[in-house]
Amino acid sequence: MEHNDEAAGPGAAVVRVSGELDIDRAPALRTELNDAIASAPDSADVAVDLSAMSFCDSSGLNALLGARLHAEEAGHLLRLVAPSAQMVRLLEMTGAIHVFTIDPAPPA
């Protein structure tokens with residue numbers, strides 16, 4: 001995972017996720033997202049670039065859901081960017097698709 005405060009434009013933070021997001025990697029994502037939320041400027045979006053993620057299980061989804069609530073409490077919007085078909089299906093099956101803002105293309 002990689003955290004980059006400049007990649008999504010001024011004032012936005014981006015966390016890039018690659019590979020599999022499963023029970024082994026979910027704690028590291030939680031930490032990375034919490035750091036991104038804490039360091040994001042007031043009212044800035046926090047984008048989670050999923051374009052290089054190959055798989056996500058329920059523990060990964062729980063990390064994203066927890067981060068969404070944390071971001072909201074801190075005055076930020078957590079956006080999921082370029083989710084795979086598998087991720088979209090997971091979001092649809094769980095009903096979580098309705099709680100996230102989803103962008104189709106990764107940030108520059």
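## Contacts and overall composition

Among the contacts in the chain with a separation of 6 or more, 70% join residues 24 or more positions apart, a contact being a pair with heavy atoms within 4.5 Å. The model is predicted: local features need pLDDT of at least 70, side-chain atom pairs count only at pLDDT 80 or more, and totals for chains, interfaces and linings use all residues. Residues are numbered from 1 along each chain as its sequence is written, and side-chain values use heavy atoms, with hydrogens and water left out.

The chain holds three helices and five strands; these are DSSP runs, numbered from the N terminus, with helices (H or I) of at least four residues and strands (E) of at least two. From the N terminus on, their order is β-β-α-β-α-β-α-β. Of the 108 residues in the chain, 43% are buried. Buried means under 20% relative accessible area, exposed over 50%, and partly exposed in between, with a 1.4 Å probe and protein chains only.

## Helix H2 and its surroundings

Helix H2 covers residues 58–73, 16 residues in total. From its first C-alpha to its last, H2 reaches 23 Å, close to the 22 Å expected at 1.5 Å a residue; the expected span is 1.5 Å times one less than the number of residues.

The buried residues of H2 are Ser59, Gly60, Leu61, Ala63, Leu64, Ala67, Arg68 and Ala71. An α-helix has 3.6 residues a turn, so residues three or four places apart point the same way. The cover over the buried residues of H2 includes the strands S2 (13–21), S3 (46–56) and S4 (78–81), and also the helices H1 (26–39) and H3 (85–94).

## The packing of H1 and H2

H1 and H2 pack at an angle of about 15 degrees, and their axes are 9 Å apart. Axes are lines fitted to C-alpha atoms, for helices over the stretch in contact, and angles run from 0 to 180 degrees between N-to-C directions.

On the H1 side, Ala26, Leu29, Arg30, Leu33, Asn34 and Ile37 take part in the contact. They meet Ser59, Gly60, Asn62, Ala63, Leu64, Ala67, His70 and Ala71 of H2. The residues of this contact comprise eight nonpolar, five polar and one charged. Here Ala, Val, Leu, Ile, Met, Phe, Trp, Tyr, Cys and Pro count as nonpolar, Asp, Glu, Lys and Arg as charged, and the others, Gly among them, as polar.

## Loop residues around the helices

Asp24 lies in the loop between S2 and H1 and, at 65% relative accessibility, counts as exposed. Asp24 and Gly60 are 36 residues apart in sequence, with 9.2 Å between their C-alpha atoms. Gly75, in the loop between H2 and S4, has a positive phi near 85 degrees. With 41% relative accessibility, Gly75 is partly exposed. Its C-alpha is separated by 9.3 Å from that of Ile37, 38 residues away along the chain.

Most residues other than glycine have a negative phi. Ser43, in the loop between H1 and S3, has a positive phi near 65 degrees and is exposed at 60% relative accessibility. Ala82, in the loop between S4 and H3, also has a positive phi, of about 55 degrees, but Ala82 is buried, at 13% relative accessibility.
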